[in-house]
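Please read this report alongside the sequence and the 3D view that follow.

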Amino acid sequence: MVDVLLGLQWGDEGKGKIVDYFAPHYDIIARFQGGPNAGHTLYVNGEKIVLHQIPSGIFHASTINLIGNGVVLDAVTLKKEHDKVAAFGVDGRKNLFISERTHLILPTHRALDKASELSKGNDKIGSTLKGIGPAYMDKTGRNGLRVGDLLDKNFTTQYIKLRMKHQRMLDSFGFTEDISAWEEEFFEAIDFMRSLNIVNGEYFINEKIRAGKKVLAEGAQGSMLDVDFGTFPFVTSSNTISAGVCTGLGIAPNRIKEVIGVSKAYCTRVGSGPFPTELHDEVGERLRKIGNEFGATTGRPRRCGWIDLVALDFACMINGVTQIVMTKADVLDAFEELQVCTHYRIDGKEERSIPYQMGKLTIEPVYQQFSGWMTDITSIASSDKLPAAMNTYMHFINDYLKVPVSYISNGPGRDQIIKA
Ligand code: GDP
Ligand code: IMO
Ligand code: MG
């Protein structure tokens with residue numbers, strides 16, 4: 001049986017914390033897409049840790065963590081992260097497994113990402129510069145190197161061949177930065193990776209499922225960053241939605257049961273692209289400050305705004321969301337008034353659907369106003385203690401989306417979560 005947990009907005013919904021919370025109920029936590037562009041924050045013994053490549057179940061000794069074939073893997077980041085979790089007593093060689101079909105991010109992919117962004121000027125995507133786009137291009141372009149290849153004695157030759165191709169592309173961008181230090185680190189990390197558990201991911205996971213084990217597929221990024229259904233071209237390069245679980249792990253669709261969607265009680269976005277409910281005023285500034293909205297991967301300030309039910313409804317539809325976890329509700333504790341976007345006004349008409357190219361249209365959000373709860377909810381442990389104004393806010397969202405909010409997260413800590 002497979003459940004899925006993924007982001008419903010533009011990423012950073014708090015997926016890492018929620019996966020860590022649910023992990024004890026699962027045998028396997030598996031990443032199915034994305035790469036080190038992800039930054040998933042969790043707290044272990046009160047200490048903050050950000051994971052980029054390793055699944056967020058790694059701190060539970062009896063949980064297997066699988067990096068699936070749909071992921072793009074940066075060996076250097078993985079090695080660093082392996083050492084980071086080791087400091088917490090976690091032995092990655094024991095409960096971390098990597099699919100041999102997982103594509104590798106090469107130093108030249110990072111360079112190409114940077115060169116491509118520079119060439120776009122004001123139209124840049126605002127990528128994390130981790131080489132995600134170029135690595136996925138080499139996958140679909142049928143050029144990329146995979147984790148299984150590093151066990152081949154010709155790995156270096158294969159690398160050099162692809163590197164030469166990349167060099168020609170870098171030359172055409174006029175990119176002249178010296179990346180030899182990155183390459184040195186890369187080969188060290190590749191050597192290290194040979195000591196990890198490299199498996200046939202699809203047999204590995206399906207045998208476990210047949211044996212009755214429970215899998216939680218951990219999404220990265222968010223539904224609105226999906227390469228097909230997000231705000232293209234301001235998206236990432238993978239399928240971040242539930243459909244990506246099948247291709248990213250080798251799991252059949254009929255194995256999937258619950259699709260748990262994670263959404264903030266408001267909304268953020270990092271990088272370029274449309275964001276209809278973005279606030280450019282002091283309210284947005286306050287959300288950023290109270291919510292500590294700075295990127296976990298790049299440290300960039302996140303753009304902040306009110307919750308967007310039009311986009312959330314779309315994400316629920318595309319993913320088949322069966323329950324919602326609402327995070328960062330505590331960030332709204334001291335706001336007297338809250339706004340909820342129920343429609344987009346486009347050319348004077350109210351719409352409840354996501355248009356083809358949001359970025360090319362002038363979208364005015366239509367809001368319904370709610371009273372804030374003006375109560376510190378961070379130490380509330382049961383739903384019957386939640387303030388009435390908060391119940392009104394949550395019920396409205398429930399009714400609009402026709403999907404239950406099953407948990408409310410009221411702080412970054414592992415135990416700060418309330419079953420609704
Ligand atoms: P992810 O990429 O979806 O895993 O999310 P990030 O880790 O990038 O960003 C979420 C941030 O919010 C992290 O700093 C978390 O520690 C924090 N966080 C998660 N849930 C809550 C919550 O309910 N309340 C507050 N105040 N912070 C939270
Ligand atoms: P998690 O898993 C938020 C954004 C980047 C950029 C766009 C493309 O922590 O939620 P990319 O490097 O993927 O080519 O960048 O996507 N982005 C994220 N935003 N959270 C993430 O991951 C993101 N991963 C990529 O800012 O706008
Ligand atoms: Mg993040």
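## Domains and basis of the model

In this predicted model, 28 residues of domain 1 are in contact with 25 residues of domain 2, where contact means heavy atoms within 4.5 Å. The domain assignment, which is automatic or comes from a database, gives domain 1 as 2-100 + 198-260, domain 2 as 103-193 and domain 3 as 263-419. Between the C-alpha centres of domain 1 and domain 2 there is a distance of 23 Å.

Residues are numbered from 1 along each chain as its sequence is written, while chains are lettered from A and ligands numbered from 1 in the order in which they are written. Because the model is predicted, local features need pLDDT of at least 70 and side-chain atom pairs count only at pLDDT 80 or more, whereas totals for chains, interfaces and linings use all residues, and side-chain values use heavy atoms, with hydrogens and water left out.

## The sheet

An open sheet of 10 strands runs in the order β9-β7-β5-β2-β10-β1-β11-β15-β19-β20, with mixed pairing; strands (E, at least two residues) and helices (H or I, at least four) are DSSP runs numbered from the N terminus, and two strands pair if DSSP finds at least two bridges between them. The edges are taken by β9 (197-199) and β20 (417-419), each with a single partner strand, so one side of each has no neighbour in the sheet. From one strand to the next, the twist averages 25°.

Strand β2 pairs in the parallel sense with β5 over 4 bridges, I28 having I64 as its bridge partner in β5. A parallel pairing over 4 bridges also links β2 and β10, and there A30 has A217 as its bridge partner. From β2, I28 and A30 point one way and I29 and R31 the other, and all are buried, which means under 20% relative accessible area, with exposed meaning over 50% and partly exposed in between (1.4 Å probe, protein chains only). Helix α8 (residues 201-210) lies across β1, β2, β5, β7, β9 and β10, running at about 145° to β5, the angle being taken on a scale from 0 to 180 degrees between N-to-C directions of axes fitted to C-alpha atoms, for helices over the stretch in contact.

## Nonpolar cores

The largest nonpolar core has 70 residues, and those with the most contacts inside it include L66, I205 and L249; such a core is a set of buried Ala, Val, Leu, Ile, Met, Phe, Trp, Tyr and Cys residues joined through side-chain atoms within 4.5 Å. Domain 1 and domain 3 both give residues to this core, so it lies between them. Apart from it lies another core, of 32 residues, among them I58, L106, F192 and M193.

## The magnesium site

D12 (OD) and G39 (O) coordinate the magnesium ion (ligand 3) at 2.1 to 2.2 Å. D12 lies in the loop between β1 and α1 and G39 in the loop between β2 and β3, so the pair ties together parts that are 27 residues apart in sequence. D12 is partly exposed, at a relative accessible area of 22%, whereas G39 is buried, at 11%. Donors are N, O and S atoms within 2.8 Å of the metal (3.2 Å for Na, K and Ca), and sites may look incomplete because water is not among the atoms.

## A buried loop residue

T277 is found in the loop between β12 and α10 and, at 0% relative accessibility, counts as buried. Leaving aside neighbours within four places in sequence, T277 is in contact with residues including C267, W306, D308 and Y367.
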